[in-house]
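Keep the viewer open and try each task before reading its solution.

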Amino acid sequence: MNRKEIREIKKRIQPELENFGHIYGCYVNAAKEVVAEMDMQVIQMNQEEKEMYSGIFRKTLSGSLGKNLMNLEFATSQVGASDEHQLLQGLRMSHLGDENLRKVMYRQIIDSLVVDETSYVILMLADTYDVPYKQGNDEEWDEDSTDQFDYFICAICPVKDSKAALRYMAEDHFFRGASTGSVLGNPQAGFMFPCFDDRTTNVYSVLYYSRSSSEIHEELIQGLFNLEHTPIAPEKQRNAFGGALSEALEEECSLPVVQAVHASLRQRIEEHKESHDPNAPVILIDEVKEILKDSGVSDERIENFSETCRRYFDDEEALNPSNIIESRKFKVHTPETDITVDPEQIYSIRTQVIDGREYLLIPMCEGVTVNGVDIRTEEETVISE
């Protein structure tokens, strides 16, 4: 699914929840015991409750595509034949109405998910979307539906104990100690099945959500979907890419090379934003090899990088540049210091050997502060004299 398709489904989840009949749930304690199962009729909820539940499910369809939201693909052999796919299809076609299938899904999540002594709630919501016909100009819509899209969303939300607080009691005209008990947090993970690709049903794919870019719960993904290739968390992708560069290039992994790679990837990200492409940005490993070649890296080291990178990324040929660099900053770390530089100024950084020792040089200008104190540079002093 791309961003436009995700937004189209997300618009279905309005604060009034008019398109939905039931929200199903399962409350699991820290010992992985089921505390309660829930079948809540939306029509019986007050408006505040509807808005809160709609917010949870909308968050499960929120975030950066390729970072928080990942399109996961089933193998052809899994579709229609495997237990995991039959369960998803059964839940979808019953609109979550089959209690036994819900119990199986709850148990699979409980058995798979690894959390640190945290209680959580599993919430599920089903919908049938009469997809309106969209004409070629992308602006005009025909109200007549040509297709139905049946899907469901699952959200996994941590439960937190609220802190005691002083709350104003109107009848007493002063504040008293009060606690609101356990509080449902924003979803930590979740998914939508099936995907809404090209505005039609794609049962070969599931849209997975992770709130964290460093911990995407690979164990949950495998427990639910049994994929041939488990996705790599974006933060791990960044570490893997940096590791592939330093390991493969060795002594040729210089500051100018890293600057060139960062600048080229950042440019790709910026161009993608300007193009308003609804899909996630992509760069091929072969394109990174060309950047290395233009930076003077030897052919041997470039081939080492290619092999190392494919090993780290499970033979993936295309990477998401937003996941492998921090486009908004350029960080330099030494055992003595950490420096963050505006990406527009990365080529102003250089190294130089002075008196037999290599130094990292950063040009100084007006507006320099040290520990919050404005200091004068030598150039400013000369000018003032």
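This is a predicted model: local features need pLDDT of at least 70, side-chain atom pairs count only at pLDDT 80 or more; totals for chains, interfaces and linings use all residues.

**Exercise 1. The enclosed space**

*Solution.* Residues are numbered from 1 along each chain as its sequence is written, and side-chain values use heavy atoms, with hydrogens and water left out.

Step 1: On a 1 Å grid over the protein atoms alone, a cavity is a set of points where a 1.4 Å probe fits but cannot get out; a pocket is an open set with protein on both sides within 12 Å along at least five of seven lines; and lining residues have an atom within 4 Å of a point. Grid points are joined across faces, edges and corners, and a volume is the space filled by probe spheres set on the points.

Step 2: Leu113, Val115, Thr118, Tyr120, Ile156, Pro158, Gln188, Ala189 and His217 line the largest cavity. Sorted by class (Ala, Val, Leu, Ile, Met, Phe, Trp, Tyr, Cys and Pro are nonpolar; Asp, Glu, Lys and Arg are charged; the others, Gly among them, are polar), this lining has 6 nonpolar, 3 polar and no charged residues.

**Exercise 2. The open spaces**

*Solution.* Step 1: take the largest pocket, whose volume is about 790 Å³. Its lining has 29 residues, and the closest to the pocket centre are Asn71, Pro231, Gln237, Glu316 and Ala318.

Step 1: assign secondary structure, with helices (H or I, at least four residues) and strands (E, at least two) taken as DSSP runs numbered from the N terminus. β3 (69-73) and β14 (318-319) each give at least two residues to the lining of the largest pocket, and β3 has the largest share, 5 residues. By class, the lining of the largest pocket has 16 nonpolar, 9 polar and 4 charged residues.

Step 2: turn to the second largest pocket, with about 660 Å³ of space. Among its 22 lining residues, Val258, His262, Phe330, Lys331 and Val332 are the closest to its centre. At least two lining residues come from each of α6, α7 (255-275), β15 (330-333) and β18 (357-361); the largest share, 5 residues, belongs to α6. The lining of the second largest pocket divides into 11 nonpolar, 6 polar and 5 charged residues.

**Exercise 3. A helix pair**

At what angle do the axes of α6 and α9 cross?

*Solution.* Two packed helices are described by the angle between their axes and the distance between the axes.

Step 1: read the geometry. Axes are lines fitted to C-alpha atoms, for helices over the stretch in contact, with angles from 0 to 180 degrees between N-to-C directions. The axes of α6 and α9 (residues 299-312) cross at roughly 145° and come within 8 Å.

Step 2: find the residues in contact (heavy atoms within 4.5 Å). The α6 side includes Ala240, Phe241, Gly243 and Ala244, and the α9 side includes Arg301, Asn304, Phe305 and Thr308. The contact of α6 with α9 has 9 nonpolar, 3 polar and 3 charged residues.

Step 3: focus on Arg301, a residue of α9. Arg301 touches Ala248, Leu249, Glu250, Glu251 and Glu252, leaving aside residues up to four places away in sequence.

**Exercise 4. Backbone details**

Is Leu17 buried or exposed?

*Solution.* Step 1: set the limits. Buried means under 20% relative accessible area, exposed over 50%, and partly exposed in between (1.4 Å probe, protein chains only).

Step 1: apply them. Leu17 is buried, at 1% relative accessible area. This residue sits in the loop between α1 (3-10) and β1 (22-28), and Leu17 has a positive phi of about 55° although it is not a glycine.

Step 2: take Asn226, not a glycine either, with a positive phi of about 50°. Asn226 is in the loop between α5 (218-225) and α6 (234-249) and is partly exposed, at 44%.

Step 3: check the peptide bonds. Phe193 and Pro194 are joined by a cis peptide bond, with omega about -10°. Pro194 belongs to the loop between β9 (189-193) and β10 (195-197).
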